[in-house]
Amino acid sequence: MNDNALTKERIARMVQTMPALLGTLQGKITQNLSGEYSDVQWNAVLQDYYRVMEIAHYIRRGGVKAMIYRIETGRTTIAPGDYFDQAHVNLSASFRKLAICEVNNQSVLQRLVAVTSEEEELVRDFLPEIDQLLLSVKRKEAALSED
């Protein structure tokens, strides 16, 4: 396991902060972003968030091995984006200016190969909770549009 590999504790911390990231703490995001964690800790949480969402994207499309197989055999098809991908794009747009992720010049295949089976399993275990948090924003938006 490499030094930057996701752990259960890191994913749990990231999931715990998702309501603050999503802005569903009723205006407490500014306080949480500046109060509970230092900038260094928030950068670590956001890096974990991006890594988890990348792995979740692979899992939703059959898993890392299936994605590698498709690339190696040339049987890749463009899968339509789903709500969770769009929710991630919407959420990450707020944090782009923080430049927390260094530019990654690796190919998709190299990034897929770098995902360990332990990381994939951990993300799979947390996926229902992550999806619930992302769906809560959609529900909130729907409720506001009905008013």
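Trainee: In which helix of the protein chain is confidence lowest, and in which is it highest?

Mentor: This is a predicted model, in which local features need pLDDT of at least 70 and side-chain atom pairs count only at pLDDT 80 or more, while totals for chains, interfaces and linings use all residues. Residues are numbered from 1 along each chain as its sequence is written, and side-chain values use heavy atoms, with hydrogens and water left out. The pLDDT is the predictor's confidence in each residue, from 0 to 100, and helices (H or I, at least four residues) are DSSP runs numbered from the N terminus, as are strands (E, at least two). Confidence is lowest in helix 2 (residues 29-35), at a mean of 47, and highest in helix 4, at 90.

Trainee: How many contacts does the stretch of residues 26-34 have in the model, beyond near neighbours in sequence?

Mentor: Over residues 26-34 the pLDDT is below 50, whereas the mean for the protein chain is 78. With contact meaning heavy atoms within 4.5 Å, the number for this stretch, beyond near neighbours in sequence, is nine.

Trainee: How many helices and how many strands does the protein chain have?

Mentor: Read along the sequence, the protein chain follows the pattern α-α-α-α-α-α-α. The count is therefore given by DSSP runs, and it comes to seven helices and zero strands.

Trainee: Which residues does methionine 18 touch, not counting residues up to four places away in sequence?

Mentor: Methionine 18 is one of the core residues that touch the most other members. Leaving out residues up to four places away in sequence, methionine 18 touches Tyr49, Ile130, Leu133 and Leu134.

Trainee: What is the angle between the planes of tyrosine 49 and tyrosine 50?

Mentor: Both tyrosine 49 and tyrosine 50 are buried, and the structure holds one aromatic pair. Rings of Phe, Tyr and Trp (its six-membered ring) pair if their centres lie within 6.5 Å, and planes under 30 degrees apart count as stacked, over 60 as edge-to-face and the rest as tilted. Tyrosine 49 and tyrosine 50 form an edge-to-face pair, 5.6 Å centre to centre, with an angle between the planes of 75 degrees.

Trainee: Within what arc do the buried residues of helix 4 fall?

Mentor: The buried residues of helix 4 (residues 64-73) are Val64, Met67 and Ile68. Seen down the axis of helix 4, these residues line one face of the helix, because they fall within an arc of 100 degrees.

Trainee: Is glycine 63 buried or exposed?

Mentor: Glycine 63 lies in the loop between helix 3 and helix 4, and touches Tyr58 and Glu120, not counting residues up to four places away in sequence. Because its relative accessibility is 3%, glycine 63 counts as buried.

How values were computed: Buried means under 20% relative accessible area, exposed over 50%, partly exposed in between (1.4 Å probe, protein chains only). The arc is that of the directions from the helix axis to the C-beta atoms. A nonpolar core is a set of buried Ala, Val, Leu, Ile, Met, Phe, Trp, Tyr and Cys residues joined through side-chain atoms within 4.5 Å.
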